[in-house]
Amino acid sequence: MCVKMNKIDIKSLNIEEMKDFLVKQGDRPFRAKQIYEWLHVKLVSDFGDMTNLSKQLREHLKEIGEITNLYLVDKLESKGGETSKFLFRLWDGKILESVLMKYHHGNSVCISSQVGCKMGCKFCASAIGGFERNLSPSEMLDQIYQIQRITGERVSNVVVMGTGEPLDNYDNLVKFIRLLTDENGLNISQRNITVSTCGLEDKIKDLAEEDLQITLALSLHAPNDRVRRQLMPVAERYDMESAIKACEFYYEKTGRRITFEYSMVEGVNDLPEHALELAGRVRGLNCHINLIPVNPIKERNYRQSEMKNILNFKNILEKYRINVTIRREMGTDIDAACGQLRKSYMDKTSD
Ligand code: SAH
């Protein structure tokens with residue numbers, strides 16, 4: 001395993017920062033673009049592979065810099081092969097998970113933004129072990145890079161919906177998005193990136209001002225604060241109204257339609273009266289609602305709504321001309337939902 005010393009995390013630098021870094025070391029700034037290409041296009045994991053740099057420069061870089069690499073611990077594939085789950089080990093031994101989903105429109109990767117999570121949502125496996133640490137921009141990027149390297153397939157879409165609350169790791173998240181969409185790097189379109197948040201109002205407003213074209217998804221999961229507080233402790237800090245207002249501001253600033261996620265829990269948030277109340281609240285907003293049958297986790301006794309109730313819920317919303325889809329479940333046979341695979345790995349190894 002790699003031991004991180006006090007070295008520069010070179011994969012988290014943008015081209016300008018890389019130039020400054022080189023100049024400070026007495027190297028020439030035009031090398032920045034070459035190094036950036038090795039790291040973010042050719043996806044090398046060793047300075048020794050950067051063959052168009054002099055041996056001297058490569059050795060110098062090795063002394064002062066460090067290339068973040070995630071180590072594959074396990075890979076599981078769902079029966080049809082459409083979903084693969086990757087468990088990675090970080091330099092300090094921490095474990096994270098990422099998911100690759102193959103759709104007809106391209107490959108989508110779901111990445112983690114933190115190791116563990118502070119938000120404590122009642123139905124989420126990531127909440128159980130608590131928070132460990134933030135991921136750096138390079139650790140978020142390398143989930144995608146490793147998956148491209150391992151599968152040999154290009155990733156076209158990225159969703160930040162794995163473990164963690166991305167807006168609780170705001171600066172690293174924004175840096176990651178800029179690196180991922182840099183035309184000198186993997187050059188993924190901003191429009192193909194979705195960031196999901198449990199609703200940190202002030203950070204949603206900050207994100208609206210970043211001049212990015214990414215999609216914002218708000219985890220709503222309830223039609224009112226009373227129900228929302230039963231499922232999401234964060235709703236005590238930020239009420240639903242202010243989170244939705246922040247999303248409206250995001251739409252005004254970016255022109256990007258908002259997605260609301262709504263995980264359906266039997267008897268808690270899936271009744272017809274909930275659908276009516278939700279319709280009343282989001283009517284007139286330029287939004288899309290994703291209904292997700294909640295993935296039951298063994299530590300909690302929440303049950304998934306029955307399909308007939310989900311369909312009924314959808315019909316009610318559609319009567320009010322609200323865009324709504326039922327998200328199909330992928331990879332439940334390999335614990336693909338939100339922190340479950342990492343959790344079962346940690347349980348096994350902690351004996
Ligand atoms: N912290 C962010 C992003 C990570 S969770 C957020 O809250 O949005 C990504 C999405 O999966 C969220 O909508 C979350 O509420 C949902 N989720 C978590 N566990 C789930 C489960 N067991 N079943 C269904 N959805 C779940």
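I take two strands as paired if DSSP finds at least two bridges between them, and I use DSSP runs, numbered from the N terminus, for helices (H or I, at least four residues) and strands (E, at least two). The model is predicted, so local features need pLDDT of at least 70 and side-chain atom pairs count only at pLDDT 80 or more, while totals for chains, interfaces and linings use all residues. Residues are numbered from 1 along each chain as its sequence is written, and side-chain values use heavy atoms, with hydrogens and water left out.

Entry on the strands. I find β3 (residues 71-77) antiparallel to β4 (residues 83-89), joined by six bridges, with tyrosine 71 opposite arginine 89 and leucine 76 partnered with lysine 85. On its other pairing, β4 runs antiparallel to β5 (residues 95-103) through seven bridges, and there arginine 89 stands opposite isoleucine 95. I note that six of the seven residues of β4 are buried (under 20% relative accessible area, with a 1.4 Å probe and protein chains only).

Entry on the hairpins. Five residues lie between β3 and β4, where glycine 81 has a positive phi near 80°; five also lie between β4 and β5, where glycine 93 has a positive phi near 90°.

Entry on the helices. The axes of α9 (residues 272-282) and α10 (residues 307-319), lines fitted to C-alpha atoms over the stretch in contact, with angles from 0 to 180 degrees between N-to-C directions, come within 9 Å and cross at roughly 30°. I therefore record α9 as roughly parallel to α10 (an angle under 35 degrees).

Methods. Angles under 35 degrees count as roughly parallel, over 145 as roughly antiparallel, 65 to 115 as roughly perpendicular and the rest as oblique. Buried means under 20% relative accessible area, exposed over 50%, partly exposed in between (1.4 Å probe, protein chains only).
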